Amino acid sequence: MQRLFLSSRKALTGREFHRWNRCFSHAAQKEASSLHDNGVAAADVVIPIPKIPHFDYSPPPYEGPSADEILAKRKEYLSPSMFCFYNKPLNVVDGKRQYLYDDTGRRYLDAFGGIATVCCGHCHPDVVDAIVTQTKRLQHSTILYLNRAIADFAEALASKLPGNLKVVFFTNSGTEANELAMMIARLYTGCHDIISLRNAYHGNAAGTMGATAQCNWKFNVVQSGVHHAQNPDPYRGVFGSDGEKYARDVQEIIDFGTSGSVAAFISEAIQGVGGIVELAPGYLPAAYSSVKKAGGLCIADEVQSGFGRTGSHFWGFETQGVVPDIVTMAKGIGNGIPLGAVVTTPEIAEVLTRRSYFNTFGGNPVCTAAGLAVLKVIEKEKLQENAFVVGSYLKDRLTSLKDKYEVIGDVRGRGLMLGVELVTDRHLKTPAKAETLHIMDQMKDLGVLIGKGGYHGNVFRITPPLCFNKEDADFLVDALDYSMAKM
C-alpha cells in the first residue's frame, strides 16, 4: 500500500503533535495518539491513502462508448467553448445520492453537486418517481391550459418566502430568471440603470452578461445600463469585513453615475462562480437602503445559495436580515431538472400584463412536479439542518488544514457552500492557479470531485448534495490533506 511518511525524525513536542494530529481523520488520530503515548517517533508514523466511505450500491455494467470516443464526438459536433475538468476527463455514467460512477464502475464522492445543483442527491427515488409518474401521464401541454403541477408547486414555493413574495414566474434556467427579473425591475421603475457587484456572475445572456462582472464571462457585445459596485469581499476587499463601508460605493454610484434614480440592485448573498465569497456582514441592509431611496428594487440571486444550502437559512439573503423585492432561483430547485423561477410581489408582477409575457417551457408539468418533490424531500429528510451540521463540521476541518499548509489563504462560506482559496504567498495573496489544478487532479485520482472558481480559478468550490455526511466530510478533508502533503 502506498504511504506518505512525515519528514521529521525527532519525537513530536506536545504543541507540534497537537497541530499535526488535528488534521487527520478520527481513526488516524486515535492510532497516532497511541503511538505518541508510547514514544514512537514521527518518522515511524504513516498516513494511509484515504479510503472512500462504504456505500451499499453497485451500478449496472456500462456498455456505452469509451471516454475517448465521447470526447472525439464532443470535439467534432459540440461547441469548442465547452471544456472539461481534469487532464483525463471523467466519463460519468451513473449516480446515487452523494456519489458518482465512471464507465469502469469506480465510485467518486461528488463534492461539487453538478455546480451546486444536486441538492437531494443523485437520482433521489422520490424525485425520480415524481418525474416518471408525471411523464407517463402528461409530458407537456402549455400554461394556456390548466394543470395542477404548476399551481401546486407555485403555492409550495411561495410558502417558503417571506413577506408578500408570492407570485411566481417559471423559467428554464438561472440566466433566464435573472433576465426576467432585470426586465421586470426596469418596467416597474421606468429606469434603466441597474447596480451589480464586481466579481458577480448572473448569467451569460444579453442583459445578465452586463450584470456579470468578470471579464472571463463577458463577450465584447453591447451591455448597457449596468454599474458595478465595489465587492464586499472580506478576504480581498479593502475594508475587510466592514459591510457598511463597502455599501457607500452603491450610494456614490447612484449620486455620480446615474440620474439619481435606479431600476434595481442585484446580488448574490454568497458569490458562487466568483469563488464562494460571502458578502461582508451588514452590507445588504445598507446597500438596500440606498437603492430603495433611489426608487429601485432589490433583486436577490439565489440560484446557487438557495434551498437550504447555507444550512443556517433556507435562502442566502436571510443571512443578512433583508427582504428583497424579487428573488431568482434555479439549480437546486429541480435537483438537476432544467427549472428556474422568479418570485415577486403581486404589485410588481402586474407590470408584465402591459404586454404578453410567455415562456413555452416555463412551468412544464414534468419540471414543476420535480420541483415540488424536491421541496418535500428537503423537508422530510431535514436537508437544511444536515447542511448546517455537516457543513459546520466540514468547515472546521478545512480550517484546521489552513494552520498546516501555507498554500491555503482562506476558508469561507456557509453550510454546504464552502470555498478554499489557494495562494502562493499569504501576505500578497498571490493566486495559486497551477497548484489548484494539480490538487484537483490528485483528489480526483483519490475519488473526490470538487469544483473551482474565482476570477483567478484558484478557489475550490465545495457544493455537494445536501445529503453529504460527516464520514464524507472526513474523506474529503483527508484527501485534500494527502494531496497537499504530496506537493
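**Stop 1: a buried aspartate and its partner**

Select aspartate 481. This residue is buried, with a relative accessible area of 2%. The model on your screen is a predicted one. Aspartate 481 and lysine 404 form a salt bridge, and their closest N and O atoms are 3.1 Å apart. Lysine 404 counts as partly exposed, at 26% relative accessibility.

Where do aspartate 481 and lysine 404 lie in the chain? Aspartate 481 is in helix H15, residues 470–485. Lysine 404 is in the loop between helix H13 (383–402) and strand E15 (408–414). The pair links distant parts of the chain, 77 residues apart.

**Stop 2**

Is glutamate 406 buried or exposed? Glutamate 406 counts as exposed, at 56% relative accessibility. Arginine 426 is partly exposed, at 29%.

Next, select lysine 444 and aspartate 445. They form a salt bridge, with 3.8 Å between the closest N and O atoms. Lysine 444 counts as buried, at 8% relative accessibility. Aspartate 445 is partly exposed, with a relative accessible area of 45%.

Now pick four residues together: Arg236, Asp410, Arg412 and Glu421. A network of salt bridges links them. How many salt bridges does a search of the whole structure find? The count is 13.

**Stop 3: aromatic rings**

Switch to the rings. The whole structure holds 13 aromatic pairs. Select tyrosine 201 and tryptophan 217. Their ring centres are 5.4 Å apart and their planes stand at 70 degrees, so this pair is edge-to-face. The cut-off for edge-to-face is an angle over 60 degrees.

Tyrosine 201 is in the loop between strand E7 (194–197) and helix H8 (206–211). Tryptophan 217 is in the loop between H8 and strand E8 (226–229). The two are 16 residues apart in sequence, so the pair ties those parts together. Tyrosine 201 is buried, at 19% relative accessible area. That value falls under the 20% cut-off for buried. Tryptophan 217, at 34%, counts as partly exposed.

Move to phenylalanine 314 and tryptophan 315. Their ring centres lie 5.0 Å apart with planes at 80 degrees, so this pair is also edge-to-face. Phenylalanine 314 is buried, at 7% relative accessible area. Tryptophan 315 is buried too, at 0%.

What sits over the ring of phenylalanine 314? The charged end of lysine 160 does, 4.4 Å from the ring centre. For another charge over a ring, select lysine 470 and tyrosine 393. Lysine 470 lies over the face of tyrosine 393, 5.2 Å from the ring centre.

One more selection here: Phe85, Tyr86 and Phe112. Together they form one aromatic cluster.

**Stop 4: strands**

Show the cartoon and find E7 and E8. These strands pair in the parallel sense, over 4 bridges. Select leucine 197; its bridge partner in E8 is alanine 229. Follow the chain from E7 through H8 to E8: this β-α-β crossover is right-handed.

Now find the open sheet of 4 strands. Its order is E3-E4-E5-E18, and its pairing is mixed. Which strands stand at the edges? They are E3 (92–96) and E18 (448–449). Each has a single partner strand, so one side of each is left without a neighbour in the sheet. E3 and E4 (residues 99–102) run antiparallel and are joined by 4 bridges.

**Stop 5: cysteines**

How many disulfides does the structure hold? It holds 0. Select cysteine 120. The nearest cysteine sulfur belongs to cysteine 119, 3.9 Å away. A disulfide needs the sulfur atoms within 2.5 Å. Cysteine 120 counts as buried, at 0% relative accessibility.

End at cysteine 298, which is in no disulfide either. The nearest cysteine sulfur, that of cysteine 191, is 13 Å away. Cysteine 298 is buried, with a relative accessible area of 0%.

Definitions and conventions: Residues numbered from 1 in each chain as written. Predicted model: local features only at pLDDT ≥ 70, side-chain atom pairs only at ≥ 80, totals over all residues. Heavy atoms only, no water. Phe/Tyr/Trp six-rings, centres within 6.5 Å; stacked < 30°, edge-to-face > 60°. Buried < 20%, exposed > 50% of the residue type's maximum accessible area, 1.4 Å probe, protein only. Lys NZ or Arg CZ within 6 Å of the ring centre and 35° of its normal. Pairing = 2+ DSSP bridges. Right-handed = clockwise from strand over helix to strand, strands pointing away. Salt bridge = Lys/Arg side-chain N within 4 Å of Asp/Glu carboxyl O.
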